Amino acid sequence: MLDVRRMQVLRAVVTSGSVTAAATNLGYTPSAVSQQVAALERQAGVPLLERIGRGVRPTAAGRLLTEHAGIIATHVAEAETALADLRAGRTGRLSIRYFATAGAALVPPALAKLRADHPGVQVDLKLIDPQDPMLEVEKGRADLGIVVAPRDRVRDGIRMVHLLDDPYHVVLPKGHHLAAKRVLDLADLADEPWVNNELSTGPCMEIMLSACASAGFSPNFVVESDDYATAQGFVAAGLGVTLIPRMGLGQRHPAVVVRRVRRPEPVRVIYAAVRETSLAQPALAGLLNALRDAAGQ
């Protein structure tokens, strides 16, 4: 393989017209320049320069390699510029994964701030299930995932950045006999029919079931739903009660009431999971700051 640095030495000789002038421009000795050209000729297998008086001129092979050396120098300069833009946060690409309620509350304002501060950064944004963003980050398919705090140990190479604590509230139909209370003990709901709002067994379901177990009961799910808005509709119809995290109550059904719950109060803890190797990107640091601002920190 041809030595790229030697090609640049050859280019300096050809463009300056002599070994001595090239040595002066490069800060080398004439002997060092001659040695580099001679080594390149051995690699090429053909002469690259011929003498004319006190100077030199390229052979056909010398002209060819000089042209390609110029192209290489241009590409290297472009790569250096692109790298500098990436380091400064002017360009680049961020892959972000999030779940629905975090997307509605946190992602839009954070993304707007990111685009205002780093307009040249491309964003790959995808909505997936609450338990999946962490896997996407661990597998290297995402730079940042908004996740519910995992119960298992986080894999090495992942930084967990706390965003907010999101407490659950009980949602009751209007006119329910418990609606007069401002705060309910979780055990007050032990004998109630329940509307499930989590079809999959993920971290949100685990938090809800664990809290109920601590209060001494297992909820009696009579209706299955897979989102908070639909669950509120079932509650409004008087089919049961449900627990919904505060971030999931942005749009409340007019026929339900929402009350705080205690003893215990279920809380899901929301984090940004970030790949350690991505933290050097200024755009990612800016996104983290914007997410904290959106979370009210």
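Reader: Is the crossing of α6 and α10 left-handed or right-handed?
Author: Helices here are DSSP runs of H or I with at least four residues, strands are runs of E with at least two, and both are numbered from the N terminus. A crossing is left-handed if the near helix is turned anticlockwise from the far one by less than a right angle, and right-handed if clockwise. For α6 and α10, the crossing is right-handed.

Reader: What kind of model is this?
Author: Residues are numbered from 1 along each chain as its sequence is written, and side-chain values use heavy atoms, without hydrogens and water. Local features need pLDDT of at least 70, side-chain atom pairs count only at pLDDT 80 or more, and totals for chains, interfaces and linings use all residues, because this is a predicted model.

Reader: At roughly what angle do the axes of helix α6 and helix α10 cross?
Author: Axes are lines fitted to C-alpha atoms, for helices over the stretch in contact, and angles run from 0 to 180 degrees between N-to-C directions. Helix α6 covers residues 107-117 and helix α10 residues 282-294. Their axes come within 8 Å and cross at roughly 140°.

Reader: How many nonpolar residues has the contact of α6 with α10?
Author: Contact means heavy atoms within 4.5 Å. Pro 109, Ala 110, Lys 113 and Leu 114 in α6 meet Ala 283, Leu 287, Ala 290, Leu 291 and Ala 294 in α10. Ala, Val, Leu, Ile, Met, Phe, Trp, Tyr, Cys and Pro count as nonpolar, Asp, Glu, Lys and Arg as charged, and the others, Gly among them, as polar. By these classes, the contact has one charged residue, no polar ones and a nonpolar count of eight.

Reader: Which kind of pair do the rings of Trp 194 and Phe 221 form?
Author: Rings of Phe, Tyr and Trp (its six-membered ring) pair if their centres lie within 6.5 Å; planes under 30 degrees apart count as stacked, over 60 as edge-to-face and the rest as tilted. The structure holds two aromatic pairs, and in one of them Trp 194 and Phe 217 are tilted, with 6.1 Å centre to centre and 50° between the planes. The centres of Trp 194 and Phe 221 are 6.2 Å apart and their planes stand at 85°, so this pair is edge-to-face.

Reader: Is Phe 221 buried, partly exposed or exposed?
Author: Buried means under 20% relative accessible area, exposed over 50%, and partly exposed in between (1.4 Å probe, protein chains only). Trp 194, at 0%, counts as buried. Phe 221 has 23% relative accessibility and therefore counts as partly exposed.

Reader: Which residue does a cis peptide bond join to Arg 263?
Author: Arg 263 has a positive phi of about 55° although it is not a glycine, and its place is in the loop between β11 and β12. With omega at about -5°, the cis bond joins Arg 263 to Pro 264.
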